[in-house]
Amino acid sequence: MHARAHACTHARMHTRTHTHTAALNTRNPQVVCTTLKTLQHLVKSAEMIGEALVPYYRQILPILNIFKNKNLNSGDKIDYGQQKRQNIGDLIQETLELFELHGGEDAFINIKYMVPTYESCVLN
């Protein structure tokens, strides 16, 4: 039973990952933010989902690498986007940390390969 559930999870993951990758590739900040929140929810939703995503990092992470350091510099002003979790740089950092925490032993090395500026949240 466990092996069958595991196979179904991987089959569904391929379809979902394709959808998420297409959304990230729009490079539309609102779409990217929504997709990141969806990926975070997906990773936290069940055990093994984080590990099942690792083979798809090569499709997901290049876009995250492009936007990783895109943070709003509002100076002394208040950034109301923080309340709505719309700061793309912060969402990417949160997502990468969740990928590392839930992705198993190979997650960090795969993240670091695709996003060289990423610093481990586990090792530090």
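Tutor: Histidine 20 counts as buried because its relative accessibility is 11%; buried means under 20% relative accessible area, exposed means over 50%, and partly exposed lies in between, with a 1.4 Å probe and protein chains only. The model is a predicted one, in which local features need pLDDT of at least 70 and side-chain atom pairs count only at pLDDT 80 or more, while totals for chains, interfaces and linings use all residues. Residues are numbered from 1 along each chain as its sequence is written, and side-chain values use heavy atoms, with hydrogens and water left out.

Histidine 20 belongs to helix α1, residues 2–24. Helices (H or I, at least four residues) and strands (E, at least two) are DSSP runs, numbered from the N terminus. On this basis the protein has six helices and zero strands. Setting aside residues up to four places away in sequence, histidine 20 touches Thr35, Thr38, Leu39 and Leu42, where contact means heavy atoms within 4.5 Å.

The geometry of α2 may be checked next. At the start of α2, a side-chain oxygen of asparagine 28 comes within 2.9 Å of the backbone nitrogen of glutamine 30. Such a polar contact is a pair of N or O atoms within 3.5 Å; within protein, one must be able to donate a hydrogen and the other to accept it, and residues adjacent in sequence count only if both atoms are side-chain atoms.

A nonpolar core is a set of buried Ala, Val, Leu, Ile, Met, Phe, Trp, Tyr and Cys residues joined through side-chain atoms within 4.5 Å. The largest one here holds 26 residues, and Tyr57, Ile60, Leu61, Leu64, Leu96 and Phe99 have the most contacts inside it. Two or more residues come from each of α2 (29–45), α4 (57–67), α5 (88–102) and α6 (107–114). In soluble globular proteins, nonpolar side chains tend to be buried together.

Asparagine 87 caps the N-terminal end of α5, with a side-chain oxygen 3.2 Å from the backbone nitrogen of glycine 89. Just after α5, glycine 104 has a positive phi of about 85 degrees.

Apart from neighbours within four places in sequence, tyrosine 57 is in contact with Gly50, Pro62, Phe99, Gly103, Ala107, Asn110, Ile111 and Met114. Rings of Phe, Tyr and Trp (its six-membered ring) pair if their centres lie within 6.5 Å; planes under 30 degrees apart count as stacked, over 60 as edge-to-face and the rest as tilted. The whole structure contains two aromatic pairs. Tyrosine 57 and phenylalanine 99 are stacked, because their ring centres are 5.2 Å apart and their planes at 15 degrees. Since tyrosine 57 lies in α4 and phenylalanine 99 in α5, this pair ties together parts 42 residues apart in sequence. Tyrosine 57 is buried at 1% relative accessibility, and phenylalanine 99 is buried with a relative accessible area of 1%.

The other pair, phenylalanine 108 with tyrosine 118, is tilted, at 6.2 Å centre to centre and 45 degrees between the planes. Phenylalanine 108 is in α6 and tyrosine 118 in the segment after α6, 10 residues apart. Phenylalanine 108 is partly exposed at 22%, whereas tyrosine 118 is buried at 0%.

Cysteine 121 also lies in the segment after α6 and touches Glu97, Glu100 and Leu101, residues up to four places away not being counted. With 30% relative accessibility, cysteine 121 counts as partly exposed.
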